[in-house]
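Dear colleague,

Please find the structure for your review below. I would be grateful if you would read the notes that follow it alongside the coordinates.

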Amino acid sequence: MEQAMKGGRQAWVWVMAAAAVALLGTAVLVIGVIEGRGHLLFGGGMLWLIAASVALQDRALRPGREDGMPSGSEKAAWSQIAMGLAAIMVLGGMSLGSMQGVLAPYLMFACYALIVACYPMFRRRFIEENRRYREVPEDERDRAIRAQGDRLSKRLLELALVALAIVWVLAPPLIHALGEPLQVAAFLLLPVLAANVAGESRVALLYWRDRQ
Amino acid sequence: MTGTPIANDIRRLRFERGEMTQQALAEACRVTRQTIIALEAGRYAPSLELAFRIARAFGVGVEDVFRWEGA
């Protein structure tokens with residue numbers, strides 16, 4: 001009974017968090033439309049995606065058949081999705097013009113490189129945290145599910161590279177329009193994050209489907 | 001991670017071993033409880049190593065736990 005009440009309270013926290021992020025996203029979208037700023041429209045859209053992922057996370061992490069509670073690896077996949085979307089929002093916003101000034105290209109590249117390098121570390125840290133409470137934080141089934149997500153990430157990255165090569169050959173001005181070489185280099189790291197988020201989404205979906 | 005042609009008697013063996021819990025079996029085999037749930041539901045085919053671990057946990061042979069039910 002007490003656990004059910006606690007679960008209900010937790011569900012409300014998630015719903016409220018999703019609603020707050022969606023409200024913020026709407027506000028950013030409205031300002032973006034009024035001022036005609038691309039990076040605000042992008043940011044508002046990403047905030048809506050984050051709100052959707054938070055709402056889905058609450059739904060997906062509920063116990064399934066046979067009290068199938070989510071594993072640490074499944075929770076890690078959901079946290080990676082939300083963090084990845086937030087990172088894409090910040091970095092994409094920067095590239096679309098929210099960061100100005102002489103130092104902007106250097107700062108932008110540093111931010112991109114730091115986030116792309118640290119992204120896999122968040123997951124490892126999450127698993128290590130879980131190790132304190134669980135004897136086995138991850139096993140062969142988790143690794144098999146993760147491998148499917150990694151395969152999707154790899155395919156998407158390959159597609160992004162091919163698309164980029166085609167754009168580079170057919171419409172070089174589109175690439176140069178992104179800014180200085182350092183800004184272009186930073187922007188090119190965005191597909192790495194996007195492919196990771198897609199892979200984590202597949203992992204989360206496979207876990208969820210497995211528990212139904 | 002959908003259906004597998006390998007069926008198993010893990011649930012029966014657990015109950016025959018004094019209603020051994022899924023968590024106890026998971027700890028004995030060094031896997032998560034979610035993997036035991038997936039195995040019992042026939043949604044996951046274990047590796048050879050895990051199959052041997054499970055059989056050892058019950059003190060029986062692998063063929064007493066797992067059998068081929070595919071075409």
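The notes below concern the interface of chain A and chain B, and then one residue in it.

Please bear in mind that this is a predicted model. In it, 23 residues of chain A are in contact with 20 residues of chain B. The area buried between chain A and chain B is about 1,600 Å², and carbon and sulfur atoms give 47% of this area.

As to specific interactions, there are five residue pairs in polar contact across the interface of chain A and chain B, with both residues at pLDDT 80 or more. On the side of chain A that touches chain B, the elements that give two or more residues are helix H5 (140–170) and helix H8 (190–211) of chain A. H5(A) gives the most, with six residues.

Asp210(A) deserves a separate note. This residue lies in helix H8 of chain A. Its relative accessibility is 3%, and Asp210(A) therefore counts as buried, the cut-off being under 20%. Within chain A, the side chain of Asp210(A) is also joined to that of Arg141(A) by a polar contact of 2.9 Å.

With kind regards

Key: Residues numbered from 1 in each chain as written. Chains lettered and ligands numbered in written order. Predicted model: local features only at pLDDT ≥ 70, side-chain atom pairs only at ≥ 80, totals over all residues. Heavy atoms only, no water. Contact = heavy atoms within 4.5 Å. Buried area = accessible area lost by both parts, 1.4 Å probe. Polar contact = N/O pair within 3.5 Å; in protein donor to acceptor, adjacent residues only side chain to side chain. Helix = DSSP H or I, 4+ residues; strand = E, 2+ residues; numbered from the N terminus. Buried < 20%, exposed > 50% of the residue type's maximum accessible area, 1.4 Å probe, protein only.
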